Amino acid sequence: LEVLRETFDIALVPLIGQGCDGIDNNLNCLIDECDEDNVPPTIKFPSLPELPFKSSTDARDWIEENICIEDDCQVAPRLEDP
């Protein structure tokens, strides 16, 4: 298996969705383990808030309304109430 990895540079080519495609991409006899997911999640805010927030509730509300979380292998998590 190591010869195949080296020959085809399998472990060196991160692909979007590689950790959740139902395939043993890195030829270690495990299907879709965490080591195959080489694309980190991203957290984005499409706009900037008007600062300062008047309260922590206002800050939390703004974050919930504006946060964009993306992961190639996961559905974006929902923020839970404290």
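## Cysteines and the disulfide

Let's start with a cysteine: C68 is partly exposed, at 29% relative accessibility. The words here have set cut-offs: buried is under 20% relative accessible area, exposed is over 50%, and partly exposed is in between, using a 1.4 Å probe and protein chains only. C29 counts as exposed, with 66% relative accessibility. Before going on, note that this is a predicted model, where local features need pLDDT of at least 70 and side-chain atom pairs count only at pLDDT 80 or more, while totals for chains, interfaces and linings use all residues. Residues are numbered from 1 along each chain as its sequence is written, and side-chain values use heavy atoms, with hydrogens and water left out.

Which cysteines does the disulfide join? It joins C20 to C73, with 2.2 Å from S to S. A disulfide here is a pair of cysteine sulfur atoms within 2.5 Å, and the structure holds one. The link of C20 and C73 is left-handed, with -80° about the S-S bond.

## The overall layout

Now step back to the whole chain. Two helices and two strands make up its secondary structure, and from the N terminus on they run α-β-α-β. Helices (H or I, at least four residues) and strands (E, at least two) are DSSP runs, numbered from the N terminus.

The chain has 82 residues, and 16% of them are buried. Its accessible surface comes to about 6600 Å², with 60% of that belonging to carbon and sulfur atoms; such areas come from the Shrake-Rupley method with a 1.4 Å probe, and for residues only the protein chains shown count as cover. Take the contacts (heavy atoms within 4.5 Å) between residues at least 6 apart in sequence: 32% of these join residues at least 24 apart.

## An aromatic trio

How many aromatic pairs are there? The count is two. Rings of Phe, Tyr and Trp (its six-membered ring) pair if their centres lie within 6.5 Å; planes under 30 degrees apart count as stacked, over 60 as edge-to-face and the rest as tilted. The ring centres of F45 and W62 are 5.4 Å apart and the planes meet at 25°, so this pair is stacked. It links distant parts of the chain, with F45 in the loop between β1 and α2 (56-66) and W62 in helix α2, 17 residues apart.

W62 also pairs with F53, and this pair is tilted, at 6.3 Å centre to centre and 50° between the planes. Together, F45, F53 and W62 form one aromatic cluster. Buried or exposed, what is W62? W62 is buried, at 17% relative accessibility. F45 is partly exposed at 38%, and F53 is partly exposed at 30%.

D24 is buried at 19% relative accessibility. The side chain of D24 reaches the backbone nitrogen of C29 at 2.7 Å, and one of its polar atoms lies 3.1 Å from the backbone nitrogen of L27. Leaving aside neighbours within four places in sequence, D24 is in contact with C29, L30, I31 and E36.

Q18 belongs to the loop between α1 and β1 as well. Q18 is buried, with 6% relative accessibility. Q18 and C73 are 55 residues apart in sequence and 8.2 Å apart in space, C-alpha to C-alpha.

## Two salt bridges

Side chains of opposite charge can pair when their charged atoms come close. A salt bridge here is a side-chain nitrogen of Lys or Arg within 4 Å of a carboxyl oxygen of Asp or Glu, and the whole structure has two. K44 and E70 form one of them, at 3.8 Å from N to O. This pair links distant parts of the chain: K44 is in strand β1 and E70 in strand β2, 26 residues apart. K44 is partly exposed at 42% relative accessibility, and E70 is partly exposed at 39%.

E64 and R60 also meet in a salt bridge, at 3.4 Å from N to O. Being four residues apart in helix α2, E64 and R60 are separated by about one helical turn. E64 is partly exposed at 27%, and R60 is partly exposed at 28%.

Methods: Polar contact = N/O pair within 3.5 Å; in protein donor to acceptor, adjacent residues only side chain to side chain.
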